[in-house]
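Please keep the sequence and the structure in view while reading.

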Amino acid sequence: SYSVDDEEPLPSLEITVPRDLADGFINNKRESYKFKFQKIFGQEAKQDVIFDSIAKPVAECVLAGYNGTIFAYGQTGSGKTFTITGGAERYSDRGIIPRTLSYIFDKLQKDSSKVYTTHVSYLEIYNECGYDLLDPRHEASKMEDLPKVAIMEDSDQNIHLKNLSLQQATNEEEALNLLFLGDTNRMIAETPMNQASSRSHCIFTIHISSKEPGSATIRHSKLHLVDLAGSERVAKTGIGGHLLTEAKYINLSLHYLEQVIIALAEKNRSHIPYRNSMMTSVLRDSLGGNCMTTMIATLAMDKRNIDESISTCRFAQRVALIKNEAVLNEEIDPALMIVQLKKEIQDLKYELALVTGKQRTSELSQEELLQLDELIETFLEDNDPGSSLDVGADMRKIKYCFAHMKVFFLNRDESQIMNRPMTSGKKLLSQDTSEEKYSNKEAEEELEKLKGLLQQRDNEINILVTMLKKEKKKALDALSQLNATSAGSTVLEQSPSMSLEESQSPSRCFSLKEAKDFSSSVPRPPFLSRETGGKMSLGCQEAFEVFKRDHADSITIEDNKQLLKQRFDEAKCLGEKLNEVRNKINHLKGKMIQRQIQRAALAVSNPSAELTFDPVEENLRMQIEEEKKSYKIVYSHFKGLKVEIEHLQLLMKKVKMKLQKDFEVWWSEEAKKLQV
């Protein structure tokens with residue numbers, strides 16, 4: 001259904017739509033679609049090839065001080081999340097984000113000419129609401145518990161994200177841990193098109209600031225790595241309920257993204273609808289702004305998905321028409337600016353003192369204040385309208401005169417109010433009385449409102465008490481029925497009725513207090529409740545072991561365990577080898593120092609003898625250099641192995657958490673079925 005032509009300057013993809021026989025012999029539908037791209041990757045392309053071709057040039061521009069964006073677009077199940085984030089099974093399946101982090105921190109470590117600071121943020125947009133996936137204050141059990149991110153816009157139309165935290169990452173390990181923390185909070189669900197479909201748009205941003213020592217300019221750059229949720233045709237997938245609501249929001253936000261891109265491609269368009277959705281507002285710089293943007297179009301080349309693939313290619317062609325103007329982001333260091341301004345103020349003070357011949361202080365002296373008081377008093381007593389108050393070109397004196405005049409006029413107004421006739425006082429009294437009546441009326445209305453609210457709350461409490469009594473009666477009936485059928489059994493497997501209660505409430509034996517909490521204990525599994533401290537009951541443990549054994553990810557966990565053990569053994573061998581090389585270098589250095597001491601002693605005892613070339617010392621020096629080269633090679637291998645081990649540990653943790661969440665869902669569903 002498709003063919004790739006790599007021979008042209010720009011490789012092209014041709015998609016062939018098979019003729020539908022049901023349309024008859026006269027069919028004018030287009031059968032062939034041809035699209036050109038800068039690079040086309042096949043289904044067998046490796047992740048490192050994708051990174052070298054797409055992400056590496058953008059990462060280099062970000063390190064140079066330019067903004068960058070990489071985003072993946074395509075239908076559900078076409079491989080966007082795998083391309084951006086990577087797979088959870090093998091180390092070689094790492095996506096663009098972890099590889100970019102490794103590349104950036106490796107470059108920063110090698111570059112000692114500048115001082116770098118790196119921060120990361122992780123934003124999730126789910127159903128047009130933004131959430132901070134890296135919230136440091138608490139661990140959220142549900143996505144709704146995460147802090148909501150709001151969009152703020154300043155007078156220069158710059159976008160600011162309120163409640164989105166910036167976490168500092170000093171090395172690759174810290175950055176990967178933050179990435180893993182954000183991935184565990186992402187919204188993922190199973191759809192007919194994809195078993196683990198991303199139901200939200202996620203934007204992982206790396207902020208880099210660089211400054212040369214002694215320089216006054218700072219460079220700021222940011223790299224957006226965007227994983228868009230997949231578009232899908234609801235009529236084709238047949239989803240409903242909660243998944244349908246998610247699909248509506250996803251398709252709507254992608255529709256607004258397409259509107260923005262169409263508007264940017266038109267030359268004479270004055271208004272760009274960025275504010276239609278949160279995603280287009282956040283990516284304003286990336287789309288037609290100060291940014292170097294790369295788009296990855298992912299296609300599911302299957303006969304059922306030909307229409308979606310053509311639509312994705314058309315969207316990519318529209319994106320290619322946008323022209324961004326990326327500029328170097330440099331600004332003056334604010335701290336240095338403050339120092340320069342302070343120095344300038346001091347210099348101006350010295351110049352002013354030279355011109356006036358007087359050294360000015362921040363406050364006026366007592367003599368100057370007395371002189372000013374006399375001048376003001378003379379000015380106020382003078383009845384001549386043409387008189388003036390001359391205090392010189394000193395702002396301190398001018399401000400003091402204004403403050404003195406203000407106090408004078410305030411005192412005069414108060415004395416005039418006190419000397420008003422009695423009639424005005426009666427008017428004021430009547431006015432106060434009317435205001436008091438008005439305030440009493442407001443107080444009565446407020447009291448009536450509060451009474452109504454209190455009555456409403458009383459009614460709600462009565463309803464809740466009635467419901468609690470009913471629930472308590474049901475729980476006690478269930479408890480008595482259980483005691484009647486199996487009086488002494490406490491273990492799950494010994495009694496069918498106990499099995500039912502075990503699935504509903506995970507504790508091993510019942511008490512009256514547990515019976516009261518019967519209904520509240522059903523939907524939440526025991527190992528995730530805070531009251532149990534993470535401990536499972538006996539029946540729940542056995543169910544979890546069976547669930548884990550039959551789960552699809554159990555093979556992945558075992559494979560990663562074996563690989564991790566193998567890598568640990570390799571790291572141990574490399575560590576022993578490093579110690580051997582280090583000891584050998586120290587031994588050779590000791591021998592060389594001893595040789596140098598012997599030669600120095602010989603030169604002291606026989607000053608007339610000339611110092612000649614020592615082949616033994618030169619041989620020792622060459623051996624040390626060779627061992628140092630060997631040490632560097634082994635250490636670089638050891639360092640790479642350490643990164644791989646840390647990544648494998650994160651993958652293991654991620655798979656285990658997914659397994660635990662799947663068991664929680666399964667346990668809740670089984671409990672509800674048994675309750676029904």
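In which loop is Asn127 found? Asn127 belongs to the loop that joins strand S5 (115–126) and strand S6 (129–132). The model examined here is predicted.

**The chain as a whole**

- The secondary structure of the protein chain amounts to 18 helices and 15 strands.
- The protein chain has 676 residues, of which 34% count as buried.
- Among contacts in the protein chain with a separation of 6 or more, 68% are between residues 24 or more positions apart.

**The loop between S5 and S6**

- Asn127 is not a glycine, yet its phi is positive, at about 55 degrees.
- Glu128 also lies in the loop between S5 and S6.
- The phi of Glu128 is near 65 degrees, which is a positive value in a residue other than glycine.
- Glu128 has a relative accessibility of 28% and therefore counts as partly exposed, since that class lies between the limits of 20% for buried and 50% for exposed.

**The annotated binding site**

- An unreviewed UniProt entry places the feature "binding site" at Gly74, Gln75, Thr76, Gly77, Ser78, Gly79, Lys80 and Thr81.
- Gly79 is partly exposed, because its relative accessible area is 24%.
- Thr81 is partly exposed, because its relative accessible area is 27%.

**The pair H1 and H3**

- Two packed helices are described by the angle between their axes and the distance between the axes.
- For helix H1 (residues 47–63) and helix H3 (residues 96–110), the axes come within 10 Å and cross at roughly 45 degrees.
- H1 and H3 are therefore oblique to each other, because angles under 35 degrees would count as roughly parallel and those from 65 to 115 as roughly perpendicular.
- The crossing of H1 and H3 is right-handed.
- On the H1 side, the residues in contact are Gln47, Asp48, Ile50, Phe51, Ala55, Lys56, Ala59, Glu60 and Leu63.
- On the H3 side, they meet Ile96, Arg99, Thr100, Tyr103, Ile104, Lys107 and Leu108.
- Sorted by class, the contact of H1 with H3 has 9 nonpolar, 2 polar and 5 charged residues.

Note on methods. Residues numbered from 1 in each chain as written. Predicted model: local features only at pLDDT ≥ 70, side-chain atom pairs only at ≥ 80, totals over all residues. Heavy atoms only, no water. UniProt positions renumbered as here; feature names shortened; annotations may be inferred. Buried < 20%, exposed > 50% of the residue type's maximum accessible area, 1.4 Å probe, protein only. Axes fitted to C-alpha atoms, helices over the stretch in contact; angles between N-to-C directions. Helix = DSSP H or I, 4+ residues; strand = E, 2+ residues; numbered from the N terminus. Parallel < 35°, antiparallel > 145°, perpendicular 65-115°, else oblique. Left-handed = near helix turned anticlockwise from the far one by under 90°. Contact = heavy atoms within 4.5 Å. Nonpolar A, V, L, I, M, F, W, Y, C, P; charged D, E, K, R; others polar.
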